Amino acid sequence: MLLASRRILAVVLCAAALLAVLPQSAQAPWSGRLASFLWAPLRPGTAALAWLRDRVRAPEDPYPNLPDELRAALEERDRLRGELDAADLRIGKLEREVGELTGYRPADRAGWRPRLANVVERGGARPGGLLGIDIGVAQGVSEGDPAVVGGSQLLGIVAAGGSEGRSWVVPLDDRRAGRIDAVVHPSGAAGTGKGAAGREPGRGPRPTVLVQLLPQGNRTLVGELEPGADGRAADVRAGDAVLLSDASWRPAAQGMRIGLVESVGALDANPLRRRITVRMESDPARTSRLVVKVRESAVQGGAR
Amino acid sequence: MRWWVCAIALAVVLMADAALMPAFAWRGMSPQLWPTLLAFIALYASRGGAMWAAVVLGLWMDALNPALGIGSMAPRAVPVFGPHALACAAGAWTILELRAWLYRRNALTVAFAAAACGLAASLTFVAVAGLRSSYADPSPLWGGGSGAAALGNDALEVLVSAVVGILPAWALQWTVPAWDFEVAGPRFGGGRGPRQGA
């Protein structure tokens, strides 16, 4: 029997060793297709188990330790933004149908358009694995497109190397994703803190603070706070919102929420400086559906 | 060994690791079931059968964990076949060498074997990924940080997986007759008598 042959097993192990040391360029032309073929039989079961997972342990509260009023406002905003995205998706579908029937071409919608995607693949062996989604080049998805959940929570970025109907999303907390420029926005309306009307005695509303974040895995990113021009440490507190402000990301992603400041502490290497830990609002390990903001030109190109 | 049973078990375990096990995460560590299943197979199956199962499992895991290369706007995801296949083969081989000293018909033995299997696999994976990161990958396959830190994280995760895996290991023991292992013995081999594997 073929499988009983030790010689064949030795050959297969040698081939695995050879593949393991080959550079990515040698595997890129065929490995994506083979990976998608291997994963295809597991998709339905994975979706069913993801549903069971959320029944076993409900997703965490996205806004822990916040006043009830603020939490309700944030949740209401996220819900409305989610509905807005859903309405956008519906409008897009109707526009395509109208276009097919009448030749009508809809106007440009600020350069991007939402595309709903299901997470169909997920690395189970290592934390911080990539998410495989069921839309790709054919649906207008291209590298660098932002992936969001809950209307405004940034989940990650679409990696290069996708195929016609499949793409990979690199979660924000993946250490390999590199540094991310962000801005810390004081919690509450108009930069208000805990003080009445956002003002503390002798101080105005807290200013926003620029910070560069480094992904750490497990839904966390850390950043080092630079002292202000006056030499004072930046005023950042737990619970402040962190928004993307990175020129290397697409315009559609700017200003979207990365997470909340979880803690502020001294930097290990330099106790006089401070570091912040940011916890993502979305959980990549438990996301089963997301929205990719694809470029309008790519949608038109992909539809051709 | 019945290969169709093995294929179904591997698929179920991979699906559970990807989708269900995050529900049992503890301090950011999500337990995995694949070390338990691989250790169970390596405890009972013939040497060739166990190694084949390990290679198949590893290739499946390679398909699910793409490496990240350099792209123009975003990192490029490229599934790299080989590292997990070698890692799983090393894990299975470790159990094959240890099993003569183990009392296999016990769920705790399978859990212990799962820990040993996972540690050997992690060591091999980090070694291969470290080698690759010196010339082929812009960032190491284990994600980031030093290889020692990755080994430490993996060791903790393997221990959590072994503890969580006691219950599945106990359940797996009941399925031994269905697997038709060559070296399971008359009690678990369906009454056909012991046969020595290849």
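A:R257 and A:E281 are both buried, where buried means under 20% relative accessible area, exposed means over 50% and partly exposed means in between, with a 1.4 Å probe and protein chains only. The model is a predicted one, in which local features need pLDDT of at least 70 and side-chain atom pairs count only at pLDDT 80 or more, while totals for chains, interfaces and linings use all residues. Residues are numbered from 1 along each chain as its sequence is written, chains are lettered from A and ligands numbered from 1 in the order in which they are written, and side-chain values use heavy atoms, with hydrogens and water left out.

**Salt bridges**

Over all chains the structure holds six salt bridges, each being a side-chain nitrogen of Lys or Arg within 4 Å of a carboxyl oxygen of Asp or Glu.

The strands named here (E, at least two residues) and the helices named below (H or I, at least four residues) are DSSP runs, numbered from the N terminus. A:R257 is in strand β10 of chain A and A:E281 is in the loop between β11 and β12 of chain A, so the pair ties together parts that are 24 residues apart in sequence.

**Strands of chain A**

Strand β9 (residues 241-244) of chain A points A:A241 and A:L243 one way and A:V242 and A:L244 the other way, and all are buried. In a regular strand the side chains alternate between the two faces of the sheet. Strand β6 (residues 180-185) of chain A pairs with β9(A) in the antiparallel sense over four bridges, pairing being counted if DSSP finds at least two bridges between two strands, and A:H185 stands opposite A:A241 in β9(A). Three bridges also join β9(A), again antiparallel, to strand β10 (residues 257-266) of chain A, with A:V242 opposite A:G259 in β10(A).

In strand β5 (residues 167-171) of chain A lies A:S167, which is buried at a relative accessible area of 2%. The side chain of A:S167 reaches the backbone oxygen of A:I135 at 2.7 Å.

**Where chain B meets chain A**

Contact (heavy atoms within 4.5 Å) involves 65 residues of chain B and 59 residues of chain A. Chain B and chain A bury about 5200 Å² between them, 65% of it on carbon and sulfur atoms; buried area is the accessible area (1.4 Å probe) that two parts lose on being put together, summed over both. In chain B, the residues that lose the most area to chain A are B:W52, B:M73 and B:F81, together 14% of what that side buries. The count of salt bridges between chain B and chain A is zero.

Technical notes
A polar contact is a pair of N or O atoms within 3.5 Å; within protein, one must be able to donate a hydrogen and the other to accept it, and residues adjacent in sequence count only if both atoms are side-chain atoms.
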